[in-house]
Amino acid sequence: MFDLVLKNLKLLDYSNELFIAIEDGKIAKISKSSIKGEKEIDLKGQLVFPGLIDPHVHFRDPGLTYKEDFKTGSMAAAHGGFTFVMDMPNTVPKTNTYKSFKDKLKIAESKSIVNFGLHAGYSTLEEMEKILELNPMSFKIFMDLETDEDLDKIFKDISDLSKKSIVTAHCEKRDMVLEYTKKLSNETEAIAYSYGRPAESEDESVAQAIALSKKYGNDLHICHLSTKNAMNLAISNNVSFEFTPHHLLYDNTAFNEFGTIIKTNPPLREKTKKITIQDLNENSIIATDHAPHSLEEKTKGTWDSSPGIPSLETVLSLLLTEVNKSNLDLSLIPKIFSENVAKRFNLENKGFIKEGFDADLVVLDLNKEGVFDIDNFYTKAEYSPFDGLYYKGKVTMTMVNGDIIMENDECTY
């Protein structure tokens with residue numbers, strides 16, 4: 001008899017209702033016929049997908065925990081159907097030394113209710129070599145903060161490490177951002193921010209990242225790609241990239257409605273230059289770039305407000321709503337949220353519903369309707385450009401390693 005059996009559930013590629021047996025945190029058996037378990041849960045025909053994997057979150061731990069921490073961030077993740085997250089290194093201190101990386105691992109292990117990995121920041125060759133022992137998901141480069149000369153050295157240093165590592169890159173051209181921001185510094189309308197960091201700065205930076213990766217043999221992944229030109233450039237060079245929900249669903253006119261609440265880097269793009277839902281395909285990857293700030297930090301004016309949007313608790317329902325509108329094929333959901341991320345970042349036994357794989361699962365009600373309410377979220381963020389929006393399609397249960405950690409909006413862990 002198995003530890004747990006989920007019964008009367010649906011999987012995407014099967015017409016009949018199925019049974020999944022879970023043992024020791026793994027998927028032990030998938031069957032069309034009844035299976036007995038010590039505990040049994042009747043899912044009454046609900047759809048089960050592999051747990052979502054987010055390759056790009058900012059949980060702010062350590063040093064900035066008034067914005068978010070690994071406990072609240074991981075609860076928000078579970079609420080949104082995510083069972084694995086990858087945290088970025090721009091914390092205090094930066095996660096760019098062996099000590100800071102190891103310290104953050106201990107913090108995450110003590111607080112997180114979902115599985116996690118950590119991206120590392122770049123540092124000296126010696127420090128990055130030490131960090132390799134701790135299995136970073138990647139080395140993250142913020143190209144908008146570095147000169148061309150420094151970028152050349154950073155890409156080379158990472159290529160010289162003893163173990164080939166993924167390079168994740170925030171692509172905006174530093175010189176162009178400085179130039180345009182200075183030109184527009186007297187503008188007070190929030191939309192000016194999108195022109196201060198123009199689409200062309202991202203296009204040029206993506207081209208530069210690709211050129212440097214070819215020069216030094218780096219394994220490149222582009223973060224939060226937002227422009228059509230950059231997308232086409234990445235595709236033509238066989239470089240992976242991720243889309244965020246805000247870049248897919250909003251254009252820069254949203255600044256006129258939301259002001260600096262919707263400010264993020266890279267900013268929302270002009271309608272003629274942006275990526276859209278129609279650009280999603282079976283090779284796409286979704287990342288939230290979940291980046292909470294305090295409400296005070298988000299409302300300091302066009303240029304001084306902090307950039308970042310919390311999205312973990314809204315993104316799946318947003319895209320399921322697009323499925324219900326016939327704007328997106330349901331079969332893409334597990335690919336763009338789970339399968340492709342697991343493959344890209346070499347996550348063993350994750351991203352798929354298969355016997356022997358980890359029992360990281362999300363249960364969905366495709367017909368459940370509602371309106372997003374920030375007061376019912378687990379994130380510390382008190383703002384969202386998606387607050388008040390209608391959705392159709394929702395997570396009803398999230399399981400990590402065979403344990404139910406979120407059910408009907410209630411954290412059970």
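**Cysteines, strands and rings: a quick tour**

Okay, let's start with a cysteine: Cys223 is buried, with a relative accessibility of 2%. Buried here means under 20% relative accessible area, exposed means over 50%, and partly exposed is in between, using a 1.4 Å probe and protein chains only.

Before I go on, this is a predicted model, so to speak: local features need pLDDT of at least 70, side-chain atom pairs count only at pLDDT 80 or more, and totals for chains, interfaces and linings use all residues. Residues are numbered from 1 along each chain as its sequence is written, and side-chain values use heavy atoms, with hydrogens and water left out.

Now the strands. Helices (H or I, at least four residues) and strands (E, at least two) are DSSP runs, numbered from the N terminus, and two strands pair if DSSP finds at least two bridges between them. Strand 1, residues 2-9, runs parallel to strand 4, residues 37-42, and five bridges join them. Within that pairing, Lys7 has Asp42 in strand 4 as its bridge partner. Strand 1 also pairs with strand 2, residues 18-23, this time antiparallel and over five bridges.

On to the rings. We have nine aromatic pairs. Rings of Phe, Tyr and Trp (its six-membered ring) pair if their centres lie within 6.5 Å; planes under 30 degrees apart are stacked, over 60 edge-to-face, and the rest tilted. Take Tyr193 and Trp303: the centres are 5.8 Å apart and the planes sit at 50°, so this pair is tilted. The two are 110 residues apart, with Tyr193 in helix 6 (residues 192-196) and Trp303 in the loop between helix 11 (295-298) and helix 12 (315-324), so the pair links distant parts of the chain. Tyr193 is buried at 6%, whereas Trp303 is partly exposed at 22%. Elsewhere, Phe59, Phe70 and Phe116 make up one aromatic cluster.

Last, charges over rings, meaning NZ of Lys or CZ of Arg within 6 Å of the ring centre and within 35 degrees of the ring normal. Lys183 has its charged end over the ring of Tyr180, 5.1 Å from the centre. Lys354 lies over the face of Phe352, 4.7 Å from the ring centre.
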